[in-house]
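Subject: Structure for you to look through

Dear colleague,

My notes on what was found follow below it.

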Amino acid sequence: MAQSLDEQISTIERALGESMIEHALVVVRTWLNELGENNPFEEAFRTIQTQYNELFTRWLNIDEPHAAEELNVLTGDTYQLVDAVYAELRLKRGLSPDMRSFNADSPQSVMNYFANNIRLRPEDFEWLHEVTEDESQVSIALMALNALTRNLRECFNTDAFLAVIDGINASNELIRDQSLANAFVLLIHYDIRIDFFPTIQDAFANAIADMNDGGEHAFDVLCAFIRSLPAKDADASSNADEALNQLPELLREMLEKMGMKDEVRSMMAWIPKSEQEYISGLIQLLPQTWLFEVLVAGEPIRENILTKDYLRLGNREFMWSHIDIAEQYFVELLRKGSTKPMDYINYGHCLLLKGDRMMAFENYRQARQLCGNVKDFFNLFRPDRRQLVDCGVPVEFIYLIEDQLLKGNS
């Protein structure tokens with residue numbers, strides 16, 4: 001059975017993430033066949049295929065000191081070919097509209113154009129830069145930036161990505177912070193390919209450097225971005241008005257006046273409810289990304305701050321490597337009267353890793369009682385076995401703990 005378009009995109013992303021260019025080109029070839037003989041991409045396709053084969057042959061026969069660098073450049077070129085062919089294929093299949101221009105005086109037209117147009121022009125980015133610097137156009141600029149970010153999630157475009165980054169150093173604080181949040185979304189979303197686009201890396205790094213604060217403000221915005229998510233066990237039934245309350249005040253007031261809450265809600269990078277699952281997935285990926293390395297890695301204070309933010313979300317990504325911070329966090333939760341079994345289990349893990357086996361067992365036993373039955377307790381406890389062993393807890397002791405709890409020794 002032929003792959004769907006989404007499956008083909010996933011195949012390409014996996015292949016190019018490992019610089020397996022020929023594997024990706026197999027899918028691109030099927031796209032070109034669909035576009036027909038007169039498509040404008042054949043020459044670029046043949047060039048990449050020839051260069052890749054030549055590089056592979058040289059790599060087999062001699063020691064090539066610059067081969068890895070050449071491969072990265074060629075992988076970036078392949079990504080760009082993929083993006084161009086994918087955009088053309090979307091137009092051919094009617095998945096994207098063929099748009100020529102927009103009405104700059106109509107917020108709906110601006111939002112629709114930047115959210116859906118995959119043939120953006122240089123003059124579009126020039127206009128966007130102008131409105132981001134015009135205090136009377138802040139609302140329109142925010143709309144366009146958020147719509148463009150939504151568009152980029154579907155169709156990668158280097159110039160559009162650079163336009164989002166350009167907003168990071170805008171004179172208006174709202175635009176700066178929203179551009180940062182949008183750039184975070186895109187950098188995490190495209191982390192698997194970001195190393196092959198040094199132009200984007202350099203632009204982002206330069207934008208952060210221009211703030212002259214060592215990335216402090218960017219890190220604060222990153223934390224605000226993470227904190228805007230609800231915890232995993234939070235009530236997910238909030239309505240559109242509650243989602244809009246998470247937006248900057250100026251933008252929220254503008255949307256209220258224009259009666260455009262529903263239309264804009266799905267465009268916002270500040271976590272409307274329809275986006276929560278997607279953003280939650282990005283936040284879980286953050287510690288493995290280039291963005292994390294740029295803003296957080298090597299800064300213990302920042303890692304400690306993120307540890308608490310992740311724990312609040314119910315994500316324990318940093319807990320195992322920052323056990324002291326995690327212990328303080330769970331102690332505070334339990335002092336405040338938490339009755340969640342997982343909080344007791346997590347605190348027990350902290351104690352166990354610090355060598356206090358007796359108190360660890362007492363907290364596991366409390367969790368066992370709160371669960372009501374041993375099956376529910378083990379469903380929470382057993383997924384952490386491997387992590388505990390990797391952190392130095394003897395597997396035999398873990399079995400002893402489970403044995404005592406299984407017997408109902410509480």
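The expected span of a helix is 1.5 Å times one less than its number of residues. Helix α12, which covers residues 216-227 and so has twelve residues, should therefore span 16 Å, and this agrees with its end C-alpha atoms, which are 16 Å apart. Please keep in mind throughout that this is a predicted model.

Which residues of α12 are buried? They are A218, F219, V221, L222, C223, F225 and I226, and these buried residues pack against α9 (173-189), α11 (198-209), α16 (276-285), α17 (290-295) and α18 (300-312).

R150 counts as partly exposed because its relative accessibility is 30%, and partly exposed is the class between buried, under 20%, and exposed, over 50%. Although R150 and N116 are 34 residues apart in sequence, their C-alpha atoms are 8.5 Å apart in space.

As for confidence, the chain has an average pLDDT of 87, and 87% of the residues score at least 70. Among the elements of the chain, the highest mean pLDDT, 97, belongs to helix α8 (residues 158-166), whereas the lowest, 44, belongs to helix α13 (residues 240-244). Over residues 246-251 the pLDDT is below 50, and the model gives this stretch 14 contacts beyond near neighbours in sequence. Residues 258-271 also stay under 50 in pLDDT, and for them the model has 49 contacts beyond four places in sequence.

With best wishes

Key. Residues numbered from 1 in each chain as written. Predicted model: local features only at pLDDT ≥ 70, side-chain atom pairs only at ≥ 80, totals over all residues. Heavy atoms only, no water. Buried < 20%, exposed > 50% of the residue type's maximum accessible area, 1.4 Å probe, protein only. pLDDT = per-residue confidence, 0-100. Helix = DSSP H or I, 4+ residues; strand = E, 2+ residues; numbered from the N terminus. Contact = heavy atoms within 4.5 Å.
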